[in-house]
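Reader: Could you walk me through the helix packing and the sheet here, with the cut-offs spelled out as we go?

Author: Happy to, so let us look together.

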Amino acid sequence: MSFGLVYFNMENNLADGGFTGITLILFFVFTIDPAISNIVLNIPMFFIGYRVLGRPLFIYTLIGTFGLSFFLWLFQTYRIVDVPLQDDLTLAALFAGVFIGAGLGMVFRYGGTTGGADIIAKLMFNYSGVSIGRTLFIIDALVITSSLVYLNYREAMYTLVAVFVASRVVDFIQQGAYSGKAAFIISENSEAIADAILLEMDRGATLLSGRGSFTGTNKEILYCVVSRHEITRLKNLIDKVDPLAFVSITNVQDIAGEGFTFDDEQKPLQ
């Protein structure tokens, strides 16, 4: 996250949302170091993190906030790489969104925060179910509007692109890297389809009991989860066994278990 802020936002006069966006306003308008203003602005949030979310998250917030400030200072002091993108704000905005989103996503996925708006977003997620990325996007839009004190309209629009990309990356990492497809299959040959899935795709399936609401007939529903690149193969296999089967396919945001996070010998998949 610090790398993205220093090398893409600060280098290309782009804003950001949340408390980091406020630190960028203070940097561009008053030349106050973001590494310092980040800590000062987050002092009130330390108390909220302790009183509302408890001691563990309070400790994580301290680590995240001081860690962010430390690396902001480090990347400003020691230029480890040169990324001249002043003539291509599209790339600058995309890379800013990817780096900041990836950093925040990893922090959130393992139960931490970097203070500021992160705490507000995590509270919204815990108590109302609103995705962290969506809450951050709303807060960011308000801060970016305030950033017009130093941004021109072109830079403001590219900043919105970066913020949107970051929110999507946060949600992707938060939901998990093991995403796939789930198929609900209703067929008179459900057991034959299950056998074919096991033999030809080396995937398991579960038979569920169901009843048709119109006919009142008891039916077997086959439930199977596969990776995204296997879905076409699954549909072809079902069509081969029973062309008249009813198939409903949905997205699965996160998958854990044999064949996805560990193999049939209970060893983690890398």
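**Helix packing and the sheet**

Author: Helix α1 (residues 2-10) packs against helix α2 (residues 18-30) at an angle of about 50°, and their axes lie 13 Å apart. Axes here are lines fitted to C-alpha atoms, for helices over the stretch in contact, with angles from 0 to 180 degrees between N-to-C directions. Helices (H or I, at least four residues) and strands (E, at least two) are DSSP runs, numbered from the N terminus. This is a predicted model, in which local features need pLDDT of at least 70 and side-chain atom pairs count only at pLDDT 80 or more, while totals for chains, interfaces and linings use all residues. Residues are numbered from 1 along each chain as its sequence is written, and side-chain values use heavy atoms, leaving out hydrogens and water.

Reader: Thanks! Which class does that make α1 relative to α2?

Author: The angle between them is about 50°. Angles under 35 degrees count as roughly parallel, over 145 as roughly antiparallel, 65 to 115 as roughly perpendicular and the rest as oblique. That makes α1, relative to α2, oblique.

Reader: How many nonpolar residues are in the contact of α1 with α2?

Author: Contact means heavy atoms within 4.5 Å. Leu5, Asn9 and Met10 of α1 meet Thr20, Leu24, Phe27 and Phe28 of α2. Ala, Val, Leu, Ile, Met, Phe, Trp, Tyr, Cys and Pro count as nonpolar, Asp, Glu, Lys and Arg as charged, and the others, Gly among them, as polar. By these classes the contact of α1 with α2 has no charged residues, two polar ones and, for nonpolar, five.

Reader: And α1 with α4: what is the handedness of the crossing?

Author: α1 and helix α4 (residues 55-77) pack at about 45°, with axes 8 Å apart, and are therefore oblique to each other. A crossing is left-handed if the near helix is turned anticlockwise from the far one by less than a right angle, and right-handed if clockwise. The crossing of α1 and α4 is right-handed.

Reader: Which residues of α4 make the contact with α1?

Author: By class, this contact of α1 with α4 has nine nonpolar, two polar and no charged residues. From α1 come Ser2, Phe3, Leu5, Val6, Tyr7 and Met10, and from α4 come Leu68, Phe71, Leu72, Phe75 and Gln76.

Reader: On to the sheet: which strands stand at the edges?

Author: Four strands form an open sheet in the order β2-β3-β1-β4, with antiparallel pairing; two strands pair if DSSP finds at least two bridges between them. Each edge strand has a single partner, so one side of it is left without a neighbour in the sheet. The edge strands are β2 (206-211) and β4.

Reader: Which residue in β4 stands opposite Lys181?

Author: Strand β1 (residues 180-186) is joined to strand β3 (residues 218-227) by seven antiparallel bridges, and there Lys181 faces Val226. β1 also pairs with strand β4 (residues 246-252) in the antiparallel sense, over seven bridges. In β4, the residue opposite Lys181 is Asn251.

Reader: At what angle does α9 run to β3?

Author: β3 is also joined to β2, by six bridges in the antiparallel sense. Helix α9 (residues 190-201) lies across β1, β2 and β3. Its angle to β3 is about 15°.

Reader: Lastly, is Gly129 buried or exposed?

Author: Gly129 sits in the loop between α6 and α7 (132-146). Buried means under 20% relative accessible area, exposed over 50%, partly exposed in between (1.4 Å probe, protein chains only). At 55%, Gly129 is exposed.
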